[in-house]
Amino acid sequence: MSNLFDLTKIYLKQIFSRYLYGEKAKRRGLLKTILLLIFIVAVIEYSISTMIYTTAEQLNKVNLSQFIIVYGLIVSALFSIFIMAYEMPAHFYNAKDYENLASLPINTWVVVSAKFLSGFLTALLYSLLFTLPTFVIYFVFNSITFGGVVYAILSLIFIPMFVMFVSCVIGFIINIITSKMKNKTVVNTIFMFLFLAGIFALSFSGGSGDGALMFSNGQVPLTIKILTPYIYFIFNAIYLNSFLYFVFFVLVNLAYLVLAIFVVTLTYKKINSNMLISKVKISKKPISFNTESVPKTLLKKESKSFFGSTVWSINALIGPIMVVVFSIIFGIVVLNLKNDPNISSADFNVSLKMFMGMYIAFISMFSGLNVTTCVSISMEGQKIQILKQLPISFSQVAFSKILFSCLIELPFVYVANIIFLCFIPFNWAYALLIFVCPIVSVMAFSILGLLINLKYPKLDWNSEAEAVKQSVSVFVSLFSDMFIGAIPLAIFGSLFVTFFASLPVAYFVLMLIAWFVLWLVVAIVLMRCYGKKLYKKLS
Amino acid sequence: MLEIKNLTKKYDSKVAVDNLSLKVEAGQICAFIGHNGAGKTTTLKAIAGIIEFDEGEILVDGINIASSPIEAKQKMAYLPDNPDLYEHLKGIDYLNFIANVYKVGKEDRQKSIEEYAKRLEIYNNLKAPISSYSHGMKQKLALVSALIHKPKLLLLDEPFVGLDPISSHEFKEIMNEFVKNGSAIFYSTHVLEVAEKICTHVAIIKQGKLITHGEMKKVRGLKSLESLFLELENE
């Protein structure tokens, strides 16, 4: 047990010390670091609380406000699984400390448990983003009982167990299949994408749908009772103030914990050993000595690193793929409006204008989420020394990373635009401008992402998941991009009726382009002022 | 070829390198020895332009590393003690990447890669991904990458660690050929017997300070390098 305790302490120290006690944190100042984290969390919590409160109000209107617990926990589970499904496997499999730990007299289940606990912390933080506001809002609309409050508080620690269990099982299944393959990274990435697409489709069809409809028969849906019994148990524990249901809840979660550790422990060594003995595909072509320019060679290196990492590529490609999905959704909504006999032609034209404006604002915001640059410095790891000792300037390095980010993001955005244009009446000005706008927004977000990663790099990681997921730069980049992208969306939405409805939609797109040009200029100026200095400090 | 003047590097309150000055001329192989944590790697990284330093000046073939880093780096190559390479690249892709950065032409790089990779017995593994390499193979690949552009100054941090005896012997031959062509080598090592045999000069560092530097024969006199080192460490 002392090994478990020591190992868990090491992993937890690794997570916290960088942010709170590392050299950079000292320079930044502990207070500034804590304030920054609080600010980020506050912004996220405000958005999530608004969403949950809106659903709670709907449920309250039909006297079903108690089911907000079920709704909130479903959304929490889907969101957390979406994030943890590819993070957790990266903790267990192909981690840098595998060989070191395998050579020590420590039981496998101890290593697995320690890694599980360090990953659990991340799952807990993601889960709390949803569960805390869910319980608070529940008590706003329902009576507060001492037992209910106690069960709610205690349940916060157990709720992520299901997410961890699913993530571990998915990771185990995918890696046991792919660990012996030659192209394991590619296959792994495809499997992960398919799984995540499934989660996304599920969340869209049920989790984020109309809350009131889900509980229209006044009961927890049977699917929830079977698939996620812990949600059913904690709902009843809090709503009915029942100790028995709370006990069932705890037992089910402990079962998830034991099963997750058991499943991973069984095959931990086998999968990792398979990964060490990699089957190598040797090309029969002769060795090529072709010369390339420095920019091209840096771009090629960047792309090979990107596509060689499952965690990085999935993390970066989720945003662009969702852009395409959203374009289809927007298009279908417009089509449904067009075919709705209850909507007049005049009303349809107004709604169409609104959707066209919202579409481009939304897509521009979304295209900036998780740009590859926000972790591209972190992903260099200690290999940053290779770049630093070579006769290449910082601007060459930065250019290759920014260009790569644009080359990854823009094709998806253009495909999304083409899809959306198929659903709406053709408008030359709009069509032209929606192809110009993403160039500016993606460039701005890519440069900002790189700058943020230079400011908050994470170079000494044990697994790629640490660099990509447990990274301040990802959070700061994500939320700064959302902030920049949300402002025009909010302005358009709030001023549509009074102002934008009477203008051609192309005018709004021009304003959007101007907005992103402003941020592009800001990003370039900041990069020129601080980028090189920050790069020099990397070691 | 390499001139270090009053180099000082601090990490918070700890002085890693303290007012270090030395010269390595063309045609010299200078061993840089010291106990663990003495400041050898910090010094090498400062010369290579990887880390900034607090005081002093470093000139590589007359070019100041701080004010003209790109020009200075064109003249040298650095080999870290534990090469962390791009695992997703094949060996040849990595070598081509380095050659492209140093703007080595097709014929020159082919000649260099074929020559050094065959001598270090890594040529047949160049088409395999680096992720499949052993530590020694990565070390050899890193060595070849350091030699491709025929640098004027080779900075090596424990270059012989992980090399098999044949490759070690070949690399010593390569080092001698390099300095005969007018280059200089500055390398850190704990293997004092090898340093005694191949090095023309030696610099000994202790707790960030240079305690002795000069021609190998003059510095060690009639003693072995190991005896001298132990004596100086105990002072």
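**Reading the structure step by step**

Reply: A:Thr267 counts as buried because its relative accessibility is 11%; buried means under 20% relative accessible area, exposed over 50%, and partly exposed in between (1.4 Å probe, protein chains only). This is a predicted model, in which local features need pLDDT of at least 70 and side-chain atom pairs count only at pLDDT 80 or more, while totals for chains, interfaces and linings use all residues. Residues are numbered from 1 along each chain as its sequence is written, chains are lettered from A and ligands numbered from 1 in the order in which they are written, and side-chain values use heavy atoms, with hydrogens and water left out.

Me: Which residues is A:Thr267 in contact with, leaving aside its neighbours within four places in sequence?

Reply: Contact means heavy atoms within 4.5 Å. By that rule A:Thr267 meets A:Tyr93, A:Phe172 and A:Ile176, its neighbours within four places in sequence being left aside. A:Thr267 itself belongs to helix H13 (residues 243-276) of chain A. Helices (H or I, at least four residues) and strands (E, at least two) are DSSP runs, numbered from the N terminus.

Me: How many helices and strands are there in chain A?

Reply: Chain A has 23 helices and 0 strands. Of its 539 residues, 56% count as buried.

Me: What area do chain A and chain B bury between them?

Reply: Buried area is the accessible area (1.4 Å probe) that two parts lose on being put together, summed over both. Here the two chains bury about 3,500 Å², 61% of it on carbon and sulfur atoms. Of the area that chain A buries against chain B, A:Phe289, A:Gln389 and A:Pro391 supply 22%, more than any other three residues. The contact takes 38 residues from chain A and 39 residues from chain B.

Me: How many salt bridges does the rule find across the interface of chain A and chain B?

Reply: A salt bridge is a side-chain nitrogen of Lys or Arg within 4 Å of a carboxyl oxygen of Asp or Glu. The rule finds 2 across this interface. A:Lys304 forms a salt bridge with B:Asp93, with the closest N and O atoms 3.1 Å apart. On the side of chain A that touches chain B, the largest share, 6 residues, comes from H14(A).

Me: Where do the partners of the salt bridge between B:Asp164 and B:Lys140 lie in chain B?

Reply: The closest N and O atoms of B:Asp164 and B:Lys140 are 2.8 Å apart. B:Asp164 is in the loop between strand S7 (153-157) and helix H6 (165-180) of chain B, whereas B:Lys140 is in helix H5 (residues 135-147), and the two are 24 residues apart. B:Asp164 is partly exposed, with a relative accessible area of 27%, while B:Lys140 counts as buried at 6% relative accessibility.

Me: Which residues of chain A are linked in a network of salt bridges?

Reply: The network links A:Lys301, A:Glu302, A:Glu380 and A:Lys401. Over all chains, a search of the whole structure finds 18 salt bridges.
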